[in-house]
Amino acid sequence: MHGIAQPIGILVRMLAVMLLVSATYNPSGYSYYHWAFRANADQWAVKSVIGLLIVIAFIVCVHATIRSLGLLLSIPLIIVIGTGIWLLSNWGVVDLSDWLQRTLVLEGAVALLLGTGVSFSLIRYRLSGQLDSRTLT
Amino acid sequence: MTTFGLIVRTLACFALVFATWNPTGHSYLAWLHGDATLAAKTVVGAGLLTLHILFIRITWLSLGLAGVALALAVLVFGVLALSELGAVDLSSGATRDYLSLVGVSMVLATGVTWSLVKRRVTGQSNYLNPPP
């Protein structure tokens, strides 16, 4: 196969997951959460179908992450991301006592984890030639 | 799996569903009432039945019960949303017929393309062992 797991492809997947996470909730006040649960109660059917699509997108991302990383790799990755945030906080890059920065860092961490999970089967294939496949029958 | 391939597969699912039945009167089920020979009606019917079994089986294998249920839920709420936005009139019988046909076609198209889309996006492929 040609062009598997190029940096631009990984970046696009990361940005797509970032878009999904921040469209679901972000601190600016313009997100699905604010539109569906904090605004007026009209257009319930449109809100329901968008909500369903968001839930399906998250199911797809989480399922891909469980399948490609598994517990064996996702727990170490979560530790790496968590301690990385701790280090950034030590350096004074982020201020975790501030609600806005804490929320943004948390969303970035979720997007990084799910983005890695979505791309990891491709990365592993390029790294090692081990193809991730599953039987349906 | 290119965008062109995605469109072709989706159109094939629409062609299969709409060729079997649609409200315009030009479909296999309408043609059954015509004066063609029984052999012709039978062979076309068997061909359509084969294609339906193939597409439904592919969809069932790739999406599973949960996937089909989610796809149908999206369609039902999507139709309600379109009705809420004033894009469709659900009191019209022809509109309901066309929406049902489009819905079935969309579920089949999702099922047929799902494994390909997933392999392209995440690199995780599905296979059948033993082959059906």
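**Where the chains meet**

Modeller: Start with A:Asp132, whose bridge partner in S1(B) is B:Gln124. Before we go on, this is a predicted model, where local features need pLDDT of at least 70, side-chain atom pairs count only at pLDDT 80 or more, and totals for chains, interfaces and linings use all residues. Residues are numbered from 1 along each chain as its sequence is written, while chains are lettered from A and ligands numbered from 1 in the order in which they are written.

Biologist: Ok. How many bridges join S1 of chain A to S1(B), and do the strands run parallel or antiparallel?

Modeller: Four bridges, and strand S1 of chain A (residues 132–135) runs parallel to S1(B). Two strands pair if DSSP finds at least two bridges between them. Helices (H or I, at least four residues) and strands (E, at least two) are DSSP runs, numbered from the N terminus.

Biologist: How many residues of chain B are in contact with chain A?

Modeller: 21 residues of chain B, touching 22 residues of chain A. Being in contact means that the C-beta atoms, placed from the backbone, lie within 7 Å.

Biologist: Which element gives the most to that side of chain B?

Modeller: H3(B), with nine residues. Helix H3 (38–84), helix H4 (93–122) and strand S1 (124–127) of chain B each supply at least two residues there.

Biologist: And what's the side of chain B that touches chain A like by class?

Modeller: It has 13 nonpolar, seven polar and one charged residues. For the classes, Ala, Val, Leu, Ile, Met, Phe, Trp, Tyr, Cys and Pro count as nonpolar, Asp, Glu, Lys and Arg as charged, and the others, Gly among them, as polar.

Biologist: What share of chain B counts as buried?

Modeller: 20% of its 132 residues. A residue is buried if 20 or more other C-beta atoms lie within 10 Å of its own, exposed if 12 or fewer, and partly exposed in between, with C-beta atoms placed from the backbone.

Biologist: Over to chain A. At what angle do H4 and H5 of chain A cross?

Modeller: Roughly 150°, with the axes of H4 (residues 70–91) and H5 (residues 99–128) of chain A coming within 11 Å. That makes H4(A) roughly antiparallel to H5(A). Axes are lines fitted to C-alpha atoms, for helices over the stretch in contact, and angles run from 0 to 180 degrees between N-to-C directions. Angles under 35 degrees count as roughly parallel, over 145 as roughly antiparallel, 65 to 115 as roughly perpendicular and the rest as oblique.

Biologist: Which residues make that contact between H4(A) and H5(A)?

Modeller: H4(A) brings A:Leu77, A:Ile78, A:Ile81 and A:Ile85, and H5(A) brings A:Val105, A:Ala109, A:Leu112, A:Leu113 and A:Thr116. By class that is eight nonpolar, one polar and no charged.

Biologist: Is A:Leu113 buried or exposed?

Modeller: Buried, with 21 other C-beta atoms within 10 Å. Not counting residues up to four places away in sequence, A:Leu113 touches A:Thr65, A:Leu77, A:Ile78 and A:Ile81. A:Leu113 and A:Leu77 are 36 residues apart in sequence and 7.4 Å apart in space, C-alpha to C-alpha.

Biologist: What about H3(A) against H5(A), how do their axes cross?

Modeller: At roughly 60°, coming within 8 Å. That makes H3(A) oblique to H5(A). Their contact has seven nonpolar, four polar and no charged residues, and A:Leu113 is among those on the H5(A) side.

Biologist: Changing topic: where does A:Gln43 sit, and what's its phi?

Modeller: A:Gln43 is in the loop between helix H2 (32–37) and helix H3 (44–68) of chain A. Its phi is near 55°, a positive value in a residue other than glycine. A:Gln43 counts as partly exposed, with 15 C-beta neighbours inside 10 Å.

Biologist: And A:Ala5, what's its phi?

Modeller: Also positive, near 55°. A:Ala5 is in the segment before helix H1 (7–24) of chain A, and is partly exposed, with 18 other C-beta atoms within 10 Å.

Technical notes: Contact = placed C-beta atoms within 7 Å.
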